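The points are grouped by topic.

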Amino acid sequence: MLEIANLRKRYGGLIALDGVSLTVRKGEVFGLLGPNGAGKTTLLSIAAGLARSDSGRVELFGNVFTHESRDLRHLVGIGTQDLAIYPDLTARENLRFFGKLYGLSGRHLTARVDAVLAAVGLTDRAGDRAGTFSGGMKRRLNLAVAVVHDPKLLILDEPTTGVDPQSRNHIFEQVKALNAAGLTVIYTSHYMEEVQALCNRIAIIDAGRLRASDTLPNLLKRLDATIHMTVAGATADFAQVLGAIPSVKRVQESNPPTTPSVPVRGGEGGHSTFVLVVDEIGPALARVASECAARRVALLSAATTEPTLERVFLHLTGRGLRD
Ligand SMILES: Nc1ncnc2c1ncn2[C@@H]1O[C@H](COP(=O)(O)OP(=O)(O)OP(=O)(O)O)[C@@H](O)[C@H]1O
């Protein structure tokens, strides 16, 4: 649906986009993550035809899409990070205004306005001025404005920023419903868990460069899972026993014996600590427990760390999402 190739954009001496390429497929919710200032808004503005790139190419449904492509603009809806609604107009007037800008009129316009008001739960407040709305209601109206002209691709730039949990859920559910009805969505958020729950594929950008673009399971595979375990009464060959478990990739022992001839690690009944780097925690842990039982080794503690999107993000960018 959207093909972005080698986009570059400078603001004076600052390189905001440094050759970003990515593909968004029809029907997916595509997540875009990046620390503050990574270039997300710049990328989305160019992808939506609102800003010009210095070089590179954007194709929408196989057609070159630029700032000048007015005939293709109706295919895209954008929910901007800063609210794009008029506080002095009512919710309905806002939607009629933006609908008309996209060429809707008459009964079709009225039907679309009613449909999106209902979809975002603002039918009861349709006649109230947007300026009187809560932050969450304004965000919901902003989303309605983005889809009033029935686009094929919806670009949402941090749609849940600064809203209460209830409105956040409402927006979240609405995005899911729009996607289920066939709308392709690009979604940026500062909430990792939203992107994790909503998106089929996720791109991570940092300092204007694409660091990764993949499905969540594939992104998670970039990091190892570990088991930190403490045992008592381990025999000298216990590290080898652990290393032979199929899903264990590496074993590190934190207190190796001082003399190789001592048969019991850490002395009689002594404690030993191992760190296992594993492919999958569940099967590895089950085998660890059974090996311990078979060898009369007491498993005193086992703590696991699994890859999360947050850890992958930190690994790729060296920064947290909300730095
Ligand atoms: N119009 C502009 N003029 C000058 N610099 C700009 C302009 N717009 C963005 N920038 C700079 O370009 C870089 C990328 O900004 P952009 O808004 O695209 O990042 P972002 O990932 O959307 O950040 P955030 O998460 O904070 O919204 C930042 O350093 C920003 O200060």
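A residue is taken as near a molecule if its C-beta atom, placed from the backbone, lies within 6 Å of it. The model is predicted. On that basis, the residues around the ligand are Tyr11, Leu14, Ala16, Gly34, Asn36, Gly37, Ala38, Gly39, Lys40, Thr41 and Thr42.

**Ligand shell**

- Two or more residues of the shell around the ligand come from each of strand E2 (14-24) and helix H1 (40-47).
- H1 gives the most to this shell, with three residues.
- Sorted by class, the shell around the ligand holds four nonpolar, six polar and one charged residues.

**Domains**

- The chain is divided into domain 1, covering 2-220, and domain 2, covering 225-306.
- Between the C-alpha centres of domain 1 and domain 2 the distance is 49 Å.

**Helix H4 against helix H5**

- Helix H4 (residues 135-147) packs with helix H5 (residues 165-180) at an angle of about 15°, and their axes are 9 Å apart.
- Angles under 35 degrees count as roughly parallel, and H4 and H5 are therefore roughly parallel to each other.
- H4 passes H5 in a right-handed crossing.
- On the H4 side, the contact is made by Gly136, Met137, Arg139, Arg140, Leu143 and Val147.
- On the H5 side, the residues are Gln166, Ser167, His170, Ile171, Gln174 and Leu178.
- The contact of H4 with H5 has five nonpolar, five polar and two charged residues.

**Helix H2 against helix H4**

- Helix H2 (residues 91-101) also packs with H4, at an angle of about 25° and with the axes 9 Å apart.
- This angle makes H2 roughly parallel to H4.
- H2 and H4 make a right-handed crossing.
- H2 contributes Ala91, Asn94, Leu95 and Phe98 to the contact, and H4 contributes Leu141, Ala144 and Val145.
- By class, the contact of H2 with H4 comprises six nonpolar residues, one polar residue and no charged residues.

**Helix H2 against helix H3**

- H2 packs with helix H3 (residues 106-119) at an angle of about 130°, with their axes 10 Å apart.
- At that angle, H2 is oblique to H3.
- The crossing of H2 and H3 is right-handed.
- In H2, the residues that meet H3 are Ala91, Arg92, Leu95, Arg96, Gly99 and Lys100.
- Their partners in H3 are Leu109, Arg112, Val113, Val116 and Leu117.
- The contact of H2 with H3 divides into six nonpolar, one polar and four charged residues.

**Residues of H2 in two contacts**

- Which residues of H2 meet H3, and which make the contact with H4?
- Ala91 and Leu95 are among those that meet H3, and Ala91 and Leu95 are also among those in the contact with H4.

Technical notes:
Residues numbered from 1 in each chain as written. Predicted model: local features only at pLDDT ≥ 70, side-chain atom pairs only at ≥ 80, totals over all residues. Helix = DSSP H or I, 4+ residues; strand = E, 2+ residues; numbered from the N terminus. Nonpolar A, V, L, I, M, F, W, Y, C, P; charged D, E, K, R; others polar. Axes fitted to C-alpha atoms, helices over the stretch in contact; angles between N-to-C directions. Parallel < 35°, antiparallel > 145°, perpendicular 65-115°, else oblique. Left-handed = near helix turned anticlockwise from the far one by under 90°. Contact = placed C-beta atoms within 7 Å. Domains from an automatic or database assignment.
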